[in-house]
Structures are given as structure tokens and as C-alpha cells.
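Thank you all for making the time this morning.

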Protein chains: 4
Amino acid sequence: MGSDLSIVNSARISYNRDSKELDYKDERLIKYLLKNKHTSPFEHVLFTFNIKTPLFIARQWMRHRTWSFNEISRRYTDENIEFYIPKEFRLQKDDNKQMSSEEVLSETESFLYHSEIRNQCLISLQIYSEMVSKGVAREIARGILPQFMYTNFFGTVDLHNLLHFLELRTHIHSQHEMRLYAIAIENIVKEVVPITYKYWKELKEE
Amino acid sequence: MGSDLSIVNSARISYNRDSKELDYKDERLIKYLLKNKHTSPFEHVLFTFNIKTPLFIARQWMRHRTWSFNEISRRYTDENIEFYIPKEFRLQKDDNKQMSSEEVLSETESFLYHSEIRNQCLISLQIYSEMVSKGVAREIARGILPQFMYTNFFGTVDLHNLLHFLELRTHIHSQHEMRLYAIAIENIVKEVVPITYKYWKELKEE
Amino acid sequence: MGSDLSIVNSARISYNRDSKELDYKDERLIKYLLKNKHTSPFEHVLFTFNIKTPLFIARQWMRHRTWSFNEISRRYTDENIEFYIPKEFRLQKDDNKQMSSEEVLSETESFLYHSEIRNQCLISLQIYSEMVSKGVAREIARGILPQFMYTNFFGTVDLHNLLHFLELRTHIHSQHEMRLYAIAIENIVKEVVPITYKYWKELKEE
Amino acid sequence: MGSDLSIVNSARISYNRDSKELDYKDERLIKYLLKNKHTSPFEHVLFTFNIKTPLFIARQWMRHRTWSFNEISRRYTDENIEFYIPKEFRLQKDDNKQMSSEEVLSETESFLYHSEIRNQCLISLQIYSEMVSKGVAREIARGILPQFMYTNFFGTVDLHNLLHFLELRTHIHSQHEMRLYAIAIENIVKEVVPITYKYWKELKEE
């Protein structure tokens, strides 16, 4: 919902604009608003995403309290359980307790852990399914499923808070898998509000 | 931070009260505020909790966006990993796709699944530890750990939003494990703000 | 942005629906969600309003922190200053220190105060304009303008929080002028999400 | 509620610290958290303020949606109505449509407007009191009162959001009267959490 034009209109509290084209003054206004942290006009542009992602990424995502989320409930359904099985394994960074480096495990070892993880996920799923078939409540049985499990959610957020999300989650400190989602979203933002995107990017790089 | 008295004071925008004892008029005011959903005076009373709970409960908890959370980061540390291993297994409710019933699995079967879960958690932890010792980044390796894993967080919330939390999470529709935490918190609230608690309870039961 | 259908889709985390028509199952789902306070699916339906209202109403409105607001700034512009001049004057309610009653002042007295208020607003505007023409900053000069002054804002809110707003602001305890706005908005909601509106109304009246 | 120490403890999810004194490692942690925008540990330190301020400042303040507010209600009481009557009148800035400059009106003109404003406020109050004594509801009668009227509120906010408030409201773009409040609050913050304050200030000036 919304566009660069709706930012300009809400900043000016005006509906009078017919033209879809922004002129030079409009662009300057958007730049000014971003630069001076007049964030409210960006809150009237809204995005909804449908995201499929492993649990450990979903947990980071849902810490952003300015989003509205609707997630598939594993209390409710035991269908379509899938896992993310990594093929590459980034190494822990030496000089940062939190981050991974760009180096990865050797091919042989990676293959080994890929298999072991797949295997372990399947066994967990088996135990889960068996418990469920015996009548155990899904809300308990799900505890055995590893955090590589995919979940699926709808997330709605306004442009101001989305830009803040992108700033944090495209950052080099953010987990690689999270950054891939953030970069994909950045490309959507670029298409929907190209002028805002241009000046936001400029300011970020200053 | 705060008490029944601070609710009364902030409702009256007054600091003038010395007495710690609430009188009849104060009590009536608290009842009136609760009944008529004048919620803001309850937002100046704050609670901080330190919670240890399995992941699938933590995930429900953190959907409450009015809390401030600080959680142990498994990108950062691989120490003190523990699991919740259930001894009883409630059955899925027949007439509700989401809830568990009060019935439980037979003792023999419960014992079986208890062992199987413990075993599976230990194997996951072993694979995890091995990956970490080979240098795999914690942020990836953690994916193998089941949702029975305990996490630990600080949560801060104001009384108005805490009462809303209690209403939802002590409800019969809420997951049993979640309710146990909610009931424990309810007892703390009762001690800290006894007058507010009394009228909140009354209204809820009307 | 959104409709009854998008509520159903986000509750089911599904995009698969082509049909615009809700069937019986969809209606039952919406009713169930409302009744059991599963509020998140209603957060993906968004409304933006452009509101012109006197300051004392705007101040009540902006206490709703789940809305995003963009208001005309009187630091920035001294144009188009208008006032709400009441023609009827509701009396203070005897048994409630906060509310007005349905009784109004006599016609003669009403006419008198209407003129006096208009007069006083005009003098204030005159002093204001004179100060501004002498170079006094608008941010200071505006202090002289009475709270009958109109302001203008954009407000964006999701359906869940809008229904909560309507519950409070269409309530008999709410100020008459506020209720008129709330009722106008209620009619818009009824048109945009008729099924949700129907069951929300039903539940409210239970 | 809280201190520099509680920030350190919540960042480390630990209660084990007895000492009140922060050591070098603690200081470095606070600096790291601020620099890398790990904001959540600062959300467990809470402040409550009791503020008396003119309406046009209160309105700016209450746009900060992360605060909890409790304001005196002019629907409820007609007592203790006071006005802020400026003695100095800053001039509009030439090259910025929003700000005032450091220049002020001449002494003679200032004296003139000071009297005129006082006079106009008193007449408004007179009309108001007369209406109220005739039985007009306070919620309507208050519309005649100018925005120079003082209001009084309680505001509660966490340290993270308070620092954000201070960044915006001590800024040169902020209205002079607002900045005076912000600077007073900044001094309180400095006393309560000196270490956090020191590094926040350092980072801001980089």
C-alpha cells in the first residue's frame, strides 16, 4: 500500500496531487525527511510479506516488535514439516564471539555433516509422527523437532520500520541466512519506492 | 517499580500522598479505572522477570510485543545447554485442533517416549558439540538442537500489559506449560499490587 | 489495504484462494478469531484516514499509540487557520465528573456564547497574525490560538487496533464530538470488511 | 528503576553480580552495546517523570509513542488553570520555515505582546469560567482556552527510548522550549546512569 507519492502527500497533508510523477521538489522533500529523521510520513506506506524460513531465523525476525506477524501454528497442524539442511558450513569468526567468517568447512566434512543433519532431522520427524499417531498433543510433540525446521508466516510492516529492519539485518554483523532475506526485501523496496530507496541508500553510505 | 499507590497517584496526577495505606476512595478509584478501561495509570508500574523456559514456550511469549526482552544468544555461547524432557504426555483434544486434553499417555508409553526424547536430545547435542569443536559457527550449528532446549531471558513489562498477558495466558486455550508460568506470575502480581489484583480478578469472573 | 478475504488468508497462512467470495467456513473462521481474541490476522488489513478536527479532539485521538500520524505543523505554516465554533452547548452531567449530558444550554445563551467564542477566536487570530507579521516565530505565536482551532492529519492504523479504537470512542463515555468521528469511521469499516464488522458488532452486543 | 549495572546484567542474562561498582569490562560492554545498536538491555531501565508544560509542548511530547502518559483531564476538572506567558519572543528563522532564530523582538514590542497575551488568556479564562458556571460541560468549554495553557502529566519511558527522545529533542531543530525540558532530563539521565551517558554522548559527537 502506498508509493513515493503517498510519502510526499502525507508529509504535506495533501491529497490534491493527481500526477503520478514526482518532480524535483518532491524528491528534495523525501531527501530532507530522511536526512532529518522526520519518519512519520514513511509510516503510511505498508508492506506485507509471506516468508518461509528456518526457526532460528524466524526467531530473530519476530524480535522486531513493529511488525505484525501471523505464523503457522504447530499446535494446530502437523502437515508439511520440512527442514533446511545446510550444504556449506561457515566457520566461527576468530575475533568475534558472535559472527561467522567467510571461510567454510572442507567439502568432505561438509558432506558428512549435511548427511548427519538430514538423518537426525528425519529421526526427529519420525519420533514426532509416532507420538502424534499415538495421540500425543502436537503442542508437546513438536518439542523434539530441531530448529532447522521451516516455518511460514505473514509479516506486515510500514516503510519506516522496514528501512530500520534493513539497516540492521543487511549489516555485516547479521547472520548470513538473515542477510539473504534482507537483501531480497531490499530489492522489493527499491522497486516499490525507488526515490526513497535512492536517498536512504545514499545517506547510509555517507 | 511501583505499587497500588502509584496507580492512584498517576491517575490523579499527584505526588502529594505520603501515606502508604490506600483508603476506601483509592480502592474505588482503582476499581473504576479497571472497569472503564482507563488503562494508562497501570502503565507506570513495571515488572522485570528472569525466565528459563523451553524454546516453544519462549516463542509464544515473545510474540507479546509490549514486553522488552533480552535473551541469551546461541550465536554467542555454546555453554549450559539443557533440555526440558517431559515425563507426562497430554493427548490431543478430540474436539479442538489446537488444544491438549487432560488425559495423558499410559505410563509405559510415557516412559518410552521420555527415554527416546532424552536420547534424541543428547545425540543432537553431541552432533552440535562436534560441529562447534570443528570450528562450525554456532549460529549454524544450533539449528540441530530441538525445541525442547531451554532458553533464558529477561522480560520487562508494565502492569497493564502484564494483566492482558495473564488474561490470555492463564486461559484454558493456552498451552499447559505456558499456563504454569502465567499462574506463577499471577501470584507475584497478587503480592505486589493486591488491590489491583483483587478487582481485576473480580471483573474477569463477572 | 486488504479485505475480509485477506484476514482469512493470513489466518490460514495461505495465498491459494482465488475466489473473492467468502464461504460459510470463512465466515465461521472470522467469528472464531474475533471471539477468541486471535487478533493478529486483523493486523494485515490497513486503513488511512485524512482527518480535520479541533485540537481538543485531535489530542484525544493521538493518545492512541498504535496509529501512525502525520499532522500539519503550526511551526511550519500559518495558512488556513480555522476554528470550530459550537452552536449547541451540552451541559455537564450531574452524576459524572467527566461526561456531558444530553441537555443543552437555552437558545439565547447558546447564541450568546457562540458569538463570544467566535469573537474571541478572531481576536486571538489577529494577535497571532500581527506577531507573525512582526517576525515572531510561528512556534511561539501559535500559543495564543484557542483549542477550538482545527488541525488536519493523516492517520494509518490496522483493523485490529481500529476496532479497539471504535470500541472506546463510540462508547457512551467518549466525548460527543469524538463519537461523531468514530461513528463515521465505523460506517467505513462496515463497507470495507462487512463480515468482520457483522461479527464484531454481534460480540460487542452480547 | 535500574542502573548501569542492570544494563550489564541483562545483557549477560545474569543476576550473579553483587558488586555495585562497574569494572573495566562492564564499561567496555556498555560502549559496545551502544555502538552496535544492541538496544534491548537499555529497555529494562525505566524512568517516570512528572511534567508541567504548555499544551503546544505537551502535544510534541505525546507524539512519542514509546512513552506511557497520564495527563490531567480537562473534561474532569476546571481547577488550577495557568498559562505560560512568554517574556521574550524569538524571531522566525529566515532560511528555515520551521525554526526560530536566536534573535528576539525588541524590548518594547516584547513587553507589548507579553501584556496582550496575558490579557487575552485572562479573557479566555473568564469566558470559560462563566460557561462552566452556567453548566456548560467542561469538555466543550475548554475549547476556548489558548495553547499557552499549562498541562500536567506523568510519563514513563525506558532508557533506550529516552536516549532516542533526547537525541531528537535536544537537537538544534527542536523548539527552544522543548529543548529546555530535554536538557533538564539529560542531566537526570547523567546522574542515574553515568557510564551509559558518557558513551552515548561520545558516540553522538563522533
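Predicted model: local features only at pLDDT ≥ 70, side-chain atom pairs only at ≥ 80, totals over all residues.

The contact draws 55 residues from chain B and 55 residues from chain A. On the chain B side, the residues that lose the most area to chain A are Arg59(B), Arg75(B) and Ile140(B), which together account for 13% of what that side buries.

As for the polar part of this interface, there are eight salt bridges between chain B and chain A, and 37 residue pairs in polar contact, both residues being at pLDDT 80 or more. If you look at which elements supply the chain B side, those giving two or more residues are α3 (55-61), β2 (68-71), β3 (90-92), α4 (107-133), α5 (138-141) and α7 (176-192) of chain B, and the largest share, ten residues, comes from α4(B). Sorted by class, the side of chain B that touches chain A has 25 nonpolar, 15 polar and 15 charged residues.

Now to chain D and chain A, where the buried area is about 820 Å² and carbon and sulfur atoms give 31% of it. Here eleven residues come from chain D and eleven residues from chain A. Across this interface the rule finds four salt bridges, and one salt bridge joins the side chains of Arg65(D) and Glu43(A), at 2.9 Å from N to O. There are also six residue pairs in polar contact, again with both at pLDDT 80 or more, and the chain D side is made up of two nonpolar, five polar and four charged residues.

How are these two chains related? Chain D superposes on chain A by a rotation of 180° with 0.0 Å of shift along its axis, at an RMSD of 0.0 Å, and that is the relation of a two-fold axis. The same surface serves both copies, in that 100% of the contact residues of chain D recur in chain A. Of the residues of chain D, Thr66(D) comes closest to the rotation axis, its C-alpha lying at 5.7 Å.

Within chain A, Lys198(A) pairs with Glu27(A) at 3.4 Å between the closest N and O atoms, linking helix α8 (residues 194-205) to helix α2 (residues 24-35) across 171 residues of sequence. Lys198(A) is partly exposed at 38% relative accessibility, whereas Glu27(A) is buried at 19%.

Within chain D, Glu139(D) and Arg75(D) meet at 2.9 Å, N to O, and both are buried. Arg90(D) forms a salt bridge with Glu177(D), with the closest N and O atoms 3.1 Å apart, and these two residues are likewise buried. To close, a network of salt bridges links Arg75(A), Glu139(A), Arg90(B) and Glu177(B).

Note on methods. Residues numbered from 1 in each chain as written. Chains lettered and ligands numbered in written order. Heavy atoms only, no water. Contact = heavy atoms within 4.5 Å. Buried area = accessible area lost by both parts, 1.4 Å probe. Polar contact = N/O pair within 3.5 Å; in protein donor to acceptor, adjacent residues only side chain to side chain. Nonpolar A, V, L, I, M, F, W, Y, C, P; charged D, E, K, R; others polar. Least-squares fit on C-alpha atoms with pLDDT ≥ 70 in both. Helix = DSSP H or I, 4+ residues; strand = E, 2+ residues; numbered from the N terminus. Buried < 20%, exposed > 50% of the residue type's maximum accessible area, 1.4 Å probe, protein only.
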